[in-house]
Amino acid sequence: MRYSAFSILSQALKGNTGWKPVWREPEPKAEYDVVIVGGGGHGLSTAYYLAKNHGLTNVAVVERGYIGSGNIGRNTTIIRSNYGEHGNIPFYEWSLKLWEGLEQDINYNAMVSQRGVLNLYHSDAQRDAAARRGNTMRMHGVDAELLDVEEVRKLVPNLNFDNARFPIYGGLFQPRGGTVRHDAVAWGYARAADTRGVDILQHCEVTGIRVENGHALGVETAKGFIKAKKIGLACAGRSSQVAAMAGLRLPIESHVLQAFVSEGVKPLIDTVITFGAGHFYISQSDKGGLVFGGNIDGYNSYAQRGNLPVIEEVMEEAVAMFPSIGRLRVLRHWGGLMDMSMDGSPIIDKTPIDNLYLNCGWCIGGFKATPASGWCFAHLIAQDASHEAAAAMRLDRFATGRLINESGTGAQPNLH
Amino acid sequence: MRITCPHCGERDVGEFAYYGDATKHRPDGSSELAAFIEYVYPRDNPAGPHRELWYHVGGCRGWLVVNRDTRSHEIFGVETAHDRRAEGARNAVAANP
């Protein structure tokens, strides 16, 4: 069923009795042209663009849990393209352009809200760095505005501008950045892919990858062996484990990143704001809860929960920036698993094994990349060649020295 | 998470800085480039027991090797990196007397 104002009205008149499940729950076929391992945002968008852009519809997405159970439902919903490295900017800008047309494309309300992303700066040196980043973005055709403190005050009047240690000097603003309802992204892509014939196989854990003579032949799953002409891995957080099934070792550590939601309050923050004197970001959901987070915990973890020092740090930064939220209660918090790559940038590339393709290493920034990641990974799988926007995101860049070192911290994932 | 430092006793994880996989060993300076690439970039990244280096920056400033389960954060044992190095040297002598 196509969603429209008419379909909502007609369903309202019928007492909402006509809504159907938005995707099928098929049994696995014996063979597919492409099997995508991982039913998160990236896996689902890959399947959708394989079908839409490349005409490949004999495709399965195999997911260990249920759709929306992983990082697509654990992020802080922010989209932006304010990057500073050549290998990254065109990719993330392409992603933002895809977000801008996503809802019409997949006929699903993902609540894409371009409310802007504001990165605060607190010193002359940070202002110089913000200006440089903004200029780099504009040279790539990305929107960026360098705001002084009075312009920031107009945008967000309730910040603590005169903090003795970290006074706010201004901010770098990307008006086209914003937030998207993350669960709806998973559901919308799943529905759109399913509509085009893609099989979404939930509760179907991959337990092995069958490789013979350097060729990938298929995946062993909880529901039996599934033959595949091509296999794409899109299981960030667990990439090392899944790649190890094919004998690959990746330049990745898995870390835990925590996120938080406060109780709901009246409209307080109508943009996305990051604190420049630490690592903290905050926005307000349409339900009124403040959604915020900070650094990864900083040690290898598969626990999907973190520890107290980071929580303390995040709360300190929250009240340093927004003293007025000091009495708010945190409603809930959670953790997600991050594929922390060794230069802080992702990998979308072939592997040394024929017919096996890799999409991983999204670090703490995978959500905003969801559309372009799927677009470029689908291109790679279908055409057997990198999409130009992701051409630098190669697996061998660690050996060749062509790193995309956005944060300049080297091969130390807990510093990215 | 709390780590029991052999020098200082049980302390909050906030006192410690993480360095990562303790099974990595810097190759000899005359080694091939491939050995350095292997040292710097790929990781086993296990879901389970993981030997890792922590620095007790808020305490004795000692380097520690912690054996910890990455699935549960349960810590099985802590030793000083000095002891590990001595053990490594003994093993090298035993293998190559």
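Reader: Which are the buried residues of H4(A)?

Author: Keep in mind that this is a predicted model. The buried residues of H4(A) are Ala130(A), Gly134(A) and Met137(A). They lie on the same side of H4(A), because they cover an arc of only 60° around the axis.

Reader: Why do residues three or four places apart point the same way?

Author: An α-helix has 3.6 residues a turn, so residues at that spacing point the same way.

Reader: Which residues are exposed on the other side of H4(A)?

Author: Asp124(A), Ala125(A), Asp128(A), Arg132(A) and Met139(A) are exposed there. The buried residues, in turn, are covered by elements of chain A including helix H3 (89-106), strand S4 (117-121), strand S5 (145-148) and strand S6 (170-174).

Reader: What span should the 16 residues of helix H4 have?

Author: At 1.5 Å a residue, helix H4 (residues 124-139) of chain A should span 22 Å. The end C-alpha atoms of H4 are 23 Å apart, which agrees. Just after H4(A), Gly141(A) has a positive phi of about 80°.

Reader: How is chain A divided into domains?

Author: Domain 1 takes in 26-108 + 182-251 + 343-415, and domain 2 takes in 117-178 + 254-341. The centres of the two domains of chain A, taken over C-alpha atoms, are 27 Å apart.

Reader: How many residues of domain 1 of chain A are in contact with domain 2 of chain A?

Author: In domain 1 of chain A, 33 residues are in contact with 33 residues of domain 2 of chain A. On the domain 1 side, H3(A) gives the largest share, four residues. By class, that side has 14 nonpolar, 14 polar and five charged residues.

Key
Residues numbered from 1 in each chain as written. Chains lettered and ligands numbered in written order. Predicted model: local features only at pLDDT ≥ 70, side-chain atom pairs only at ≥ 80, totals over all residues. Helix = DSSP H or I, 4+ residues; strand = E, 2+ residues; numbered from the N terminus. Expected span 1.5 Å × (residues − 1). Buried ≥ 20, exposed ≤ 12 C-beta atoms within 10 Å, placed from the backbone. Arc of directions from axis to C-beta. Contact = placed C-beta atoms within 7 Å. Domains from an automatic or database assignment. Nonpolar A, V, L, I, M, F, W, Y, C, P; charged D, E, K, R; others polar.
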